[in-house]
Amino acid sequence: MDKILKIGIIGCGGIANGKHMPALKKVEGVEMVAFCDIIKERAEKAAEKFGTPDAKVYEDYKELLKDESIDVIHVCTPNRSHSFITIDSLEAGKHVMCEKPMAKTYEEAKAMCEAAERTGKKLSIGYQNRQTPQNLYVKKCADNGDFGEIYYGKALALRRRAVPTWGVFLNEYEQGGGPLIDIGTHALDMTLWVMNNYEPEMVVGQTFRKLADQEEQGNAWGKWDPKEYTVEDSAFGFIKMKNGAVINLESSWALNIADYHEACYMVCGDKGGADTIDDKARINYIKHQRQCIEEPNLEAGGAAFFEGQKDGSPAEMEASSWINAIRTDTDPVVLPRQALCVTRILEAIYESAKTGAPVYFD
């Protein structure tokens, strides 16, 4: 428990600087000792800001993995390289936190799970939205049976005009898709987690690229280049689970809607339901023949994943609980097989959109 865990960062771009490295910097008992990026200057800058005085910088992640003193790897690269970097890291004897989504394809994600099981090393995926106060509260309600049998869910990741114009977000080859795989993945993960249902039976979906070529964009992050926009601008899916439950998944970066909601969901059971729209937790039920809505005070302190954990941002709580899982040899909050199910469903929505037919699972 007293050992300093040494961490290597692979990929020193936006998500590493905006989430992983600042959060890890606040975790006691860890040191970021190695930084890798194909653009060496980015790794050098990250090492200077977040690393130990003797932190090493690499351009080739395989060279970083040769350092036997490194205990943990955070994979913060574009989606295309998540799988092979994660697998190589696991086989090099490192625990791995991989940024969401798990991978571009189900087969890649499955290989990641198998590598973790084969090596005995821990693997988790960066779905930090599970750590928000509203989601922790709703999850506790669901696990307590407050909603009864949950048979309907709605996963929402809808932006009106917020297309990311930096990095490789618009590149289908690097990312595997657009809003569905970028932000839809968060909404779906939370919905499946609260429902505690990871057995899909059938998926039908449709994607649209209707607004990407328009000159009147009104984008929150400035104009995008239509020539570089090789992914969908919105995507929708209908998921039927093996127990009969169903989920609607709606995602967009650009969609002509007045009300937009991101990283939230609705669940409905035979005893009650909940939604997390507008960063709140609303619980609905019937009592004494009256319709009731409960809105808990989420500012009074949140639930902790382990004794002694302090409240913080979702990214900080994710980092703390992840490191604690390694130290105590317990399961991480996000299990690899759970993230695998998310990737499988997302891939099926894309496949259904291309073929025009439902996708059935074994």
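1. Burial is described here by relative accessible area, with buried meaning under 20%, exposed over 50%, and partly exposed in between. The structure is a predicted model, and the points below should be read with that in mind.

2. By these cut-offs Glu316 is partly exposed, because its relative accessible area is 22%, whereas Lys26, at 59%, is exposed. The side chains of these two residues meet in a salt bridge, with 2.9 Å from N to O. Glu316 belongs to helix 9 and Lys26 to the loop between helix 1 and strand 2 (30-36), so the pair ties together parts of the chain that are 290 residues apart in sequence.

3. Arg159 is buried, with a relative accessible area of 11%, while Glu262 is partly exposed at 36%.

4. Lys240 lies in strand 9 (residues 234-241) and Glu201 in strand 8 (residues 200-208), 39 residues apart; both are partly exposed, Lys240 with a relative accessible area of 31% and Glu201 with 27%. The count of salt bridges comes to 20, and Lys19, Glu99 and Glu318 are linked in a network of them.

5. Two cavities of 30 Å³ or more are counted. The largest has a volume of about 70 Å³ and is lined by 13 residues, of which Met97, Ser124, Glu318, Val333 and Val334 lie nearest its centre. Helix 9 (314-328) and strand 6 (123-126) each give two or more residues to this lining, and helix 9 gives the most, with three. By class, the lining divides into seven nonpolar, four polar and two charged residues.

6. The second largest cavity holds about 40 Å³ of space, and its lining includes Lys19, His20, Met97, Glu318 and Trp322. Helix 1 (14-25) and helix 9 are the elements that give two or more residues to this lining, which has six nonpolar, two polar and two charged residues.

7. Helix 10 (residues 336-355) reaches 28 Å from its first C-alpha to its last, close to the 28 Å expected for its 20 residues. Helix 10 is mostly covered, 14 of its 20 residues being buried, and is followed by Gly356, whose phi is positive, near 75 degrees.

Technical notes:
Residues are numbered from 1 along each chain as its sequence is written. This is a predicted model: local features need pLDDT of at least 70, side-chain atom pairs count only at pLDDT 80 or more; totals for chains, interfaces and linings use all residues. Side-chain values use heavy atoms; hydrogens and water are left out. On a 1 Å grid over the protein atoms alone, a cavity is a set of points where a 1.4 Å probe fits but cannot get out, and a pocket is an open set with protein on both sides within 12 Å along at least five of seven lines; lining residues have an atom within 4 Å of a point. Grid points are joined across faces, edges and corners, and a volume is the space filled by probe spheres set on the points. Helices (H or I, at least four residues) and strands (E, at least two) are DSSP runs, numbered from the N terminus. Ala, Val, Leu, Ile, Met, Phe, Trp, Tyr, Cys and Pro count as nonpolar, Asp, Glu, Lys and Arg as charged, and the others, Gly among them, as polar. The expected span of a helix is 1.5 Å times one less than its number of residues. Buried means under 20% relative accessible area, exposed over 50%, partly exposed in between (1.4 Å probe, protein chains only). A salt bridge is a side-chain nitrogen of Lys or Arg within 4 Å of a carboxyl oxygen of Asp or Glu.
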